[in-house]
Amino acid sequence: MIELTNVSYTYPHTVQPALHRVSLSLEKGRCVMISGPSGAGKTSLCLAASGILHHEYGGKKEGAVIVDNRNVAEYRTLSDLAQNVGIVFDDAEAQMIFTTVEEELLSALEHRGLSAAVIEERLDRIIKTTYLDDIRDRSPHTLSGGQKQRVALAATLALGNENLILDEPTSELDEHSTQRIAEILAELKSQGKTILLVEHKYRHFRDMVDTLVILENGAVTASGSPDEVLKDERIRGMIFPDFSTIRKIVQKAPGKEPIISVQNLSHSYGGVPALSGINLTIHRGEFVAIVGENGSGKTTLVKHFNRLLSPTNGDVIITGKNTKECSIAELAHNVGLVFQNPDHMFFADTVREEIAYGVNNLGIGNSDAVIDAALRDAGLSESAALYPRWLSRGERQRLAIACVVAMQPSIIVLDEPTTGLDGYEARLVIEMLKNLQEKGHTIIFITHNREIAQHCADRVIMMENGRIIADTEGA
């Protein structure tokens, strides 16, 4: 069991508490789901509940965290705590250091000092529980997102702890991989594991959740059975966003002028095919969603639009120019790419300077007015002087879009722009994109969210195994 009593925490060099008088009880064999907007303190809560805040972080700490009837302060080290509580972060790859999946799991098992026979028996059981038998000899860094999350979960189980903390384990996963993680966690709960789960995808986990907790601005604003908590319409909007009205933002239909033409495109990574025979035309002003499971080739395809990748075979034509004859810098005037993790784009000291970098680099005139407009459209005018990484996840996502928009490309490509966002924030991002379409931009976005694709896009392209298997153009 895990119990937090009046836990408050303020990070070093900050004034606003990340957690404020949080009390929470996880009884053995129960599942508590934490939801709420980005920046609410959900990850800080995970770090507190696991004892990591106490043992690894400075800052101001108040209240008590009890793990299996002992205050986390009574455990000598995090290694001692790891015998009782395990944590899986959203970035599973950061937790892996060995050359094969089996070695990752063996390391954790051997750390416990078990006999060879017991290690072998537990290794086989954990691999079976997490569906890893067919990839046990592969390098973790060659796996899909869903496979990496299962390996990270398996390595945590190998430590033998009864309390599991998972911080948005499915944020970057497709529907199939998310469902697989949900099935594994349901099985672990049935075995008596205690689970603290931070998630936005409530629908996938609803049958196993005993208590739903809403965290906002570092404080618990609602807690109870899911049915009771979800009676609040505001919270329902956060958990179950309605995208059905967003399409109405754009009044004019997209034109029929080709702006991107993909001709017999194939691409291989080290001889392994990732795209095969792609033919595609996207028209100026379209809002196109590209959907498909992890590893289907979506990101590989869009990276060809600004020459982050070059065709193994075939051609990509952008605004009438073959990308083979253009530099990345030249294409940046026409195509802007927003990565899945917005943090990979940031390096400046303020929000305004972050936007200004691309504007100045491309020599765009009237730069101050351009930057001001980008800040205003992203809803970040009041945050212009802040350090970018102080923003919430939703605000950072809008900043990443603003950085690209300010460079005035005609085509804006976004890789999973709503990943990790609650319902309200996801709506803000999509509304921002629809407004950009209204101004004449062509929007291409990758998403796992079929509801967003269905309600918000003019056209949905479905990919599987490096090929386009469906396209609603003209439907």
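The model is predicted. The second largest pocket has a volume of about 710 Å³, whereas the largest cavity has a volume of about 40 Å³.

**Second largest pocket**

- The volume of the second largest pocket is about 710 Å³.
- The pocket is lined by 26 residues, of which A82, I87, Q95, T156 and L159 are the closest to its centre.
- Two or more lining residues come from each of α2 (52-56), α3 (78-81), β6 (85-88), α4 (101-111) and α6 (145-158).
- Sorted by class, the lining of this pocket comprises 17 nonpolar, seven polar and two charged residues.

**Largest cavity**

- The count of cavities of 30 Å³ or more comes to one.
- The largest cavity has a volume of about 40 Å³.
- Its lining is made up of T299, V302, K303, L337, V338, F339, Q340 and D415.
- Helix α11 (298-302) and strand β16 (335-338) each contribute at least two residues to the lining of the largest cavity.
- Four residues of this lining are nonpolar, two are polar and two are charged.

**Helices α4 and α5**

- The crossing of α4 and α5 is right-handed.
- On the α4 side the contact is made by E102, L105, L106, L109 and E110, and on the α5 side by I119, R122, L123, I126 and I127.
- By class, the contact of α4 with α5 has seven nonpolar residues, no polar residues and three charged residues.

**Helices α13 and α14**

- The crossing of α13 and α14 is right-handed.
- From α13, residues V351, R352, I355, A356, V359 and N360 meet S367, D368, V370, I371, D372, A374 and L375 of α14.
- The residues of the contact of α13 with α14 comprise eight nonpolar, two polar and three charged.

Notes: Residues are numbered from 1 along each chain as its sequence is written. This is a predicted model: local features need pLDDT of at least 70, side-chain atom pairs count only at pLDDT 80 or more; totals for chains, interfaces and linings use all residues. Side-chain values use heavy atoms; hydrogens and water are left out. On a 1 Å grid over the protein atoms alone, a cavity is a set of points where a 1.4 Å probe fits but cannot get out, and a pocket is an open set with protein on both sides within 12 Å along at least five of seven lines; lining residues have an atom within 4 Å of a point. Grid points are joined across faces, edges and corners, and a volume is the space filled by probe spheres set on the points. Helices (H or I, at least four residues) and strands (E, at least two) are DSSP runs, numbered from the N terminus. Ala, Val, Leu, Ile, Met, Phe, Trp, Tyr, Cys and Pro count as nonpolar, Asp, Glu, Lys and Arg as charged, and the others, Gly among them, as polar. A crossing is left-handed if the near helix is turned anticlockwise from the far one by less than a right angle, and right-handed if clockwise. Contact means heavy atoms within 4.5 Å.
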